[in-house]
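Please have the sequence and the model open while reading.

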Amino acid sequence: MAITLTINGKSETVDAAPGTPLLWVLRDHLQMTGTKFGCGVAQCGACTVHVDGEPTRACVTPHDTLEGAQITTIEGVSGDAADAIRNAWVANDVPQCGYCQSGQIMAATALLRDNPSPDDAAIDEAMSGNLCRCATYMSIRRAIKEAAAAL
Amino acid sequence: MLMRDLGIIPAQKADAAGEGPSPYVNLSRRAFVGGAGLFVLGVTLAGCSTYVEPEIDADAFDLPEPGASPLTEVRGGDATPALWIAIDRDGAVKITCHRSEMGQQVWTSMAQIVADELEADWDKVEIIQAEGHERYGDQNTDGSRSVRFNFHRLRVAGAAMRQMLVAAAALYWKLPVEQCSAKGGLVSNTQNDETLSYGNLAELAGKLEIPAEADITLKTPKEWRYINAEIPSLTVPRIVRGEGTFGIDVQRPGMVYAVVARPPQLFGRVSSFDDAKTLEVPGVLKTVRLPDARPPALFQPLGGVAVVARDTWAAIEGRRALEIAWAAGPNAGYDSDAFAEQLKATARASGKVRRARGDVPAALAAAKKRVSAEYYAPHLGQTPMEPPSATAEWDGDRLECWACVQDPQSTRATLAEALGIDKENIKVTPTWLGGAFGRKSKPDFVVEAALIARDVGKPVKVTWTREDDIRHGYFHSVSAQYCEGGLDADGKCTAWLHRTVFPPISSTFDNTVAEPSDGEMGMGASDVPFAMPNLRVESGNAKGHVRIGWLRSVANIYHAFAVQSFAAELAHAAGRDQKDYLLELIGPPRKIDPETEGAKYGNYGASLEEYPIDTGRLRNVLEKAAAMAEWGRKLPAGRGLGIAVHRSFLSYIATVVEVAVKPDGSLSIPGVWLAVDAGTVINPRHVRAQMEGGTIYALSNALYGAITAKDGAIVQDNFPSWRLMRMREAPRAFEVEIVASDAPPGGVGEPASPPAAPALANAIFAATGHRMRTLPLIGAEGSKLKLPTKQSA
Ligand code: FES
Ligand code: FES
């Protein structure tokens, strides 16, 4: 059944089976591969997108529940917090392989939007759902603090 | 900064993007121009007047056809400039990277080496990812050796090209070459400040003779501008926008998606299956029965049934609906708990001697004090965040694959064998790898994609779900080790016995092999750098029941865990400071050759002349890390510092870990201090990242990681049961010091891992008095150490 979704401000009509998670609609139907698959069970955060501004695991969110919602992905996330995060990520070369980093950036951007000067506990809270096997945690923490200072 | 994509054209962009230049278009043309782009007139101020760079017409020069490249066999392989570098007329410098980018920043480091000698303008540098082909020499991005293998020849290639560009400018200006100099992508006339840009000179330069190595002047280290500099990553600006193509991201026109139901046990088989319900799942197109795997495992796929669908989710749902009766096969009896007891029993009995000095039995008998300990470490999974994924396209004669592989050449050879077609008809291009850690050096998943693509006649992407990755891996080997030491009346160590037992990686390639290989023994056991008068290293045999494979730093992980833990146990028995005692065990600065004591030692494929085992360098990093951590400082109750030092992949690393342990056993890591001597370093910023990453990877495994088997099948399935360290558990502080060195480059991607676990266990002992000898220390659940019930001796 065709469904219209609003992704990064654009209307996209997709025809996927009912219940198909947003992740696979983005990746396989819309060729928006910036949002990654890491676990499929809401344990790793690689698939994090924003739904109406809230960080959301696309791997467990059926796409057909999202009509009318504003969906934002790594390809489209913008604004002061996103810019500050991207700049700090580049300045610190945060990513190693980069695979988890779309999700990390989406989580960190949402954190900074809600809390422009997060302390360590707030960073732990907001970022502990995002696994990084390359273990860039030290750099992520540093970069979030730099981004907050730059805001 | 412009960067070229990987030659994978997203389906919807195929027309707009067009075909990128072939990565080796220049080989046949011998010219350096990539063909794309227009000449850009350079306008600079020379003296007082405006200088407009003239456009060079290379055809106006009647030059003899140049001879064959004299640089095909320099140290490290072919350094022919056109193999590695193409310069477009617009000045873009395209550097071919033949190694796989998996987060170690090899695109950036390879480019730094070439661009430095080339005197390129860094902002003009782009990377072209090489496909798998012998012309590049070794492409196996494994063993922490991309820089070591290629440093020299890439310098030669860059310098040769620079000299040819200078020679072209001299020819154009009719000047002696001494009056021309290259810098930042321009050749200057030193007499009058006129310049010619590389893009303008490239075509003429391509018509000149390639200089012989003897005529090439490499820069001195003092002249380096990109080597040993904190150059920002070439991949990161794209990663932060969700751009770049990982294996799982490849798109091809008309592509379908597949997942595979694999037998739970190694060499299990499908006895029968019913796909009626699968075919009713919306979006499922068909199922494909894959050939059964037969011993030895090699890189062959595991067999099973593939479900092909119009998207990945439909394939996953279709797989869920499959009804398969499995025949369990020869490994159905594998139980990792029972096997652990077997390994430990083997480790208690004498084994095959792999290195011997003095008379250990006599020295132990004469010792004033004898100490012994058993260590156990379980199987681990590499679990890169990007699971294995491959796309294959078969046109009836030719196969093309794009995949996150560490070695496109072995992938190509494996595909040729599996499909029974000529290698010349197979093209394999590595994508970016979303982490690899050894998993992606095994191309079984690419063969799956190829077999399915041949069956369905459409491009196919095979995705491994996380469950697939965890259950069907090439696992880090499980090990039991026995250590015994003798101390004299002064507490000095007089005897060292280390016995190690584990199923070897060779069992994956020949299932009759049960004896640890020299290579594995040389990772932390037979190369132990200790000076006591009596030393003996033994191995015991163990059979493999799952596929055993490399995992970041390989056998060094469990060997360093036992050796560096036991060194601390001896220090404790002697009533000495752990760091001081470790220095004493290492002994005075000297060079060690394990072969003089009966070991067969490969030294990571390098000679001991060029890359000695230098205890001076080992001592140096140990003292540095201790100083960084303020070793010996007073700590509050429940806190402790632990230290460990290890040489692997030709680099020396010492790590100090501080732990805070609450009375209930819950643990946090306030700090880590690490000193590394990796010889010549290309990019200190990225070396630091590898030190942090390699350490935390190992801490995560040591605290939480265990792959176990029951009835031959892997018990863990996804991140709750296979656990990784998270942000809140990560160290609070992490300091890295890189020792300045002009020694040849060592490895960086792996060697930070081995000292991490023993430093952690030693810190826990310092904090609690409990000696932990079994990994993992916490496990998949909770935050509390599995503290032993009785105090250590
Ligand atoms: S893929 Fe969604 S949380 Fe892991
Ligand atoms: S950067 Fe590789 S998984 Fe996070």
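Which are the buried residues of H17(B)? They are Gln578(B), Lys579(B), Tyr581(B), Leu582(B), Leu583(B), Leu585(B) and Ile586(B), where buried means under 20% relative accessible area with a 1.4 Å probe, protein chains only.

## Basis

This is a predicted model, in which local features need pLDDT of at least 70 and side-chain atom pairs pLDDT 80 or more, while totals for chains, interfaces and linings use all residues. Residues are numbered from 1 along each chain, chains are lettered from A and ligands numbered from 1 in the order written, and side-chain values use heavy atoms, without hydrogens and water.

## Helix H17

H17(B) spans residues 578–586, and seven of its nine residues are buried. Helices here are DSSP runs (H or I, at least four residues), as are strands (E, at least two). The cover includes helix H16 (556–573) and strand E25 (639–648) of chain B.

At the helix start, a side-chain oxygen of Asp577(B) comes within 3.0 Å of the backbone nitrogen of Lys579(B). Just after the helix, Gly587(B) has a positive phi of about 80°.

## Domains 1 and 2

In chain B, domain 1 covers 29–240 and domain 2 covers 247–330 + 388–463; the bounds come from an automatic or database domain assignment. Their centres, taken over C-alpha atoms, are 40 Å apart.

Two salt bridges cross the interface of these domains (a Lys or Arg side-chain nitrogen within 4 Å of an Asp or Glu carboxyl oxygen). Lys423(B) and Glu134(B) form a salt bridge at 2.8 Å, N to O.

Key
Buried < 20%, exposed > 50% of the residue type's maximum accessible area, 1.4 Å probe, protein only. Contact = heavy atoms within 4.5 Å. Polar contact = N/O pair within 3.5 Å; in protein donor to acceptor, adjacent residues only side chain to side chain.
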